[in-house]
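Here is a short briefing on how one chain packs. Keep the sequence and the 3D view open while reading.

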Amino acid sequence: MGISRRRFLTSVGKAGGYGALYTTMMGMGLLAAPRAYAGAPKLGLAGGKGASVAILGAGVAGLVAAYELRKAGYTVTVLEARDRPGGRAWSVRSGTKIVQTDRPDQVVDWAEGRNAYFNAGPARIPQWHHAILGYCQELGVPLEVMVNANRSAKLDFGGQVVSERQAVNDTRGAFTELLAKAVDKGALDQELTGVDKQKLLGYLSAYGDLSKNTYAGSTRAGFLASPGGYDHPPKGGPPLRMADMMKSQFWGASLIFEEIIDMQATMLQPVGGMDRISYALYEAVKPAVKFEAVVRELRKTSKGVKIVYADKAGAQTLEADYCICTIPLPVLAKIPSDFAPRVKQAIAAAEYHHGTKVAWESRRFWEQDDFQYGGLGWTDEANELVWYPSGGIGEKTGILVGAYSIGFSGPDAPPKYAAMSFDERFAVSRRVIEKFHPGHGKELTKPFTVSWKQTPFSEGVAVGWKEEQRATDYAELCKPDGAFYFAGEHMSYINAWQEGAALSAHEALKLIQARVSAG
C-alpha cells in the first residue's frame, strides 16, 4: 500500500521535528532554495508621482516598505499598534515591560550593559539572507558572529546527557561502520568496481574513524582522559549505542541542524540586539511613523483606502491611495474590513505556530567553569533548547536563553510549554540547565518569559502554510484587493524570518509601482 506525500511528511515531522521536516521538504523540492539577491526594487526618485501609501505595522516589512517608498517620493504614513518599532523583532532589556495576554505583566530588572539583552523574537541571521544584511550595510548596523552550533554543547534525551560532539561523531561512526560492512560483504558490487570499492572503504574509515571497518569510539567524540604533558596521552570513551541514540527525538534536528540552509554553524547578529535593525530603519522614516495607533477598520473608497484607527487622542481616520498591510493574519482576521469574501477566507485560514522563550541573568558559568562559548543545547523536555550568548564573551555576567520551544522536537512541546505558568516554565528550564551544568542551576536569577501566541498584536511566531494552501489561500493574498496589498513574513517562502518580511515588502512595492506608472 502506498503512502501520500502529506502522510509521509507528517510522519517525518512527528518523528524528527522541525529540522527533519524542513530538510526533507527541501530535498523534495517543496521549499524554495536560496537564490542570488538582486537588491531592492529600483523605484526611481520620482516614482511616487504624488501617490500616498498607508502602511499598517512598523515591523520589518512595514519599515522596509516605508524606507523604499519615501526614497522614491511617495507620501507615507505608518500606523503601529505598539509603542516601538520592530513588531516581532523585539529585544528585551532592563526596564522593558513585557505584556502577555491573560498573564501577569513582567518588568525586566537586569543589569545595564550592551550585551544585557534578550531577543524575544528573531535572534540570528543566515549569511544567505542578503536583503536584511544589505539593509544592515546600508544603514550602518554593526554585526557580529552568532555561534549557532557548538560541539561542546549538550544533548539531553531520555534523561541521558551527552555532548553534541559525542552524539554527532558516534552517530557518524555507527553509520559508516554499517556501510563499510555492507561494502565489504559485496552489497554494492553492482555499483562499485574493485578499485572504487577500496577507495570508498578508505574514505569511510577516515570519515567515521573506523578500525578494520568497526567503530569502537573516537577522540573526535570527546576525551575520557584529556591529552596533557609528559605521560598523559588522550583517551576516548566508549561510544553511544545506536539503540540509545535512536530514542532521541532530536536525532533528526540537532545532529543535522547546521546543514539546514537557514541554520549554518556560523550566523550573524546585530551588536546589542536584533531590534537594532528595526530601529535603524525607523530612524530613517521616523517622521512617517505613528505609534500606539491601533487599526479598527479597513475600508475601500473610490480613490483608494480609508483606515480607521485609535490613538491616545481617540478615533482617527487616514485616507491614502494605497495600503500595504503587514498585520499578522490572526490579528488582521479580527479587524472589520471591506476585503473581498475570498480574501477574508484566506486570512482566516492561516495558522500560526506557538513559540515560547525564557531568559535568565547569571554569572557566565558555562564559559568560566565549563569553557563553552555560544551554541545551542538540546533537550527532549518541553523547553527544547538552551541558547548560549555569542556576544559579551569574557564578561562576568550574561543573559542565558533557557528555553526556545518552537517545535524542533515535534508538534507537542510548544503548546504544552506555552500553557504552563511562568513558574512552571522557569522550573523546567532551570532543571535542564542543571542537567547540562551540574551545580549551577541555582545561579540562574531574574527569569523572564515571552510566548508569541500570548503577545498582543503578534499572536504567533509565524504562519505555517500547508502545501496545498500555497496555490490557494497564499496565492490569493499575493494579489492586491483593490488598493490593499499584503506583506510580512507570511507573504514569502521564508516564513518566520526577517528576510521573508523584507522580500515580501519588495514584491508589494513592485506591484504598487507598476500601478502608479500605468497611471
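Several elements cover the buried residues of helix α3, among them α2 (60–71), β7 (143–147), β12 (266–270), α8 (275–285) and α15 (498–518). The model is predicted.

**Helix α3 and its cover**
- Helix α3 spans residues 130–139.
- Its buried residues are A131, I132, L133, Y135 and C136.
- An α-helix has 3.6 residues a turn, so residues three or four places apart point the same way.
- G140 follows α3, and its phi is positive, near 75°.

- Is Q498 buried or exposed? Q498 counts as buried because its relative accessibility is 7%, and the cut-off for buried is under 20%.
- Leaving aside residues up to four places away in sequence, Q498 touches V60, A89, P122, I125, I132, M274 and I277.

**Nonpolar cores**
- The largest nonpolar core has 76 residues.
- Which of its residues touch the most other members? They are I307, I324 and L332.
- Helix α2 supplies the largest share of this core, with eight residues.
- Beyond residues up to four places away in sequence, L332 touches L298, C325, I327, F339, I347 and F486.
- Another core lies apart from the largest one. This other core has 40 residues, including F157, W378, V401 and V461.
- In soluble globular proteins, nonpolar side chains tend to be buried together.

**F408, buried in a loop**
- F408 lies in the loop between β21 (397–405) and α12 (413–419).
- F408 counts as buried because its relative accessibility is 2%.
- F408 and L385 are 23 residues apart along the chain. Their C-alpha atoms are separated by 8.8 Å.

**A nonpolar patch on the surface**
- F371, Y373 and I393 form a nonpolar patch on the surface.
- Together these three residues have about 320 Å² of accessible area.
- Where is F371 found? F371 is in the loop between α11 (365–368) and β19 (375–379).
- F371 counts as exposed because its relative accessibility is 58%, and the cut-off for exposed is over 50%.

Key:
Residues are numbered from 1 along each chain as its sequence is written. This is a predicted model: local features need pLDDT of at least 70, side-chain atom pairs count only at pLDDT 80 or more; totals for chains, interfaces and linings use all residues. Side-chain values use heavy atoms; hydrogens and water are left out. Buried means under 20% relative accessible area, exposed over 50%, partly exposed in between (1.4 Å probe, protein chains only). Helices (H or I, at least four residues) and strands (E, at least two) are DSSP runs, numbered from the N terminus. Contact means heavy atoms within 4.5 Å. Patches are made of residues with over 30% relative accessible area and no salt bridge: like charges are joined within 9 Å, nonpolar side chains (Val, Leu, Ile, Met, Phe, Trp, Tyr) within 5 Å. Accessible areas come from the Shrake-Rupley method with a 1.4 Å probe; for residues, only the protein chains shown count as cover. A salt bridge is a side-chain nitrogen of Lys or Arg within 4 Å of a carboxyl oxygen of Asp or Glu. A nonpolar core is a set of buried Ala, Val, Leu, Ile, Met, Phe, Trp, Tyr and Cys residues joined through side-chain atoms within 4.5 Å.
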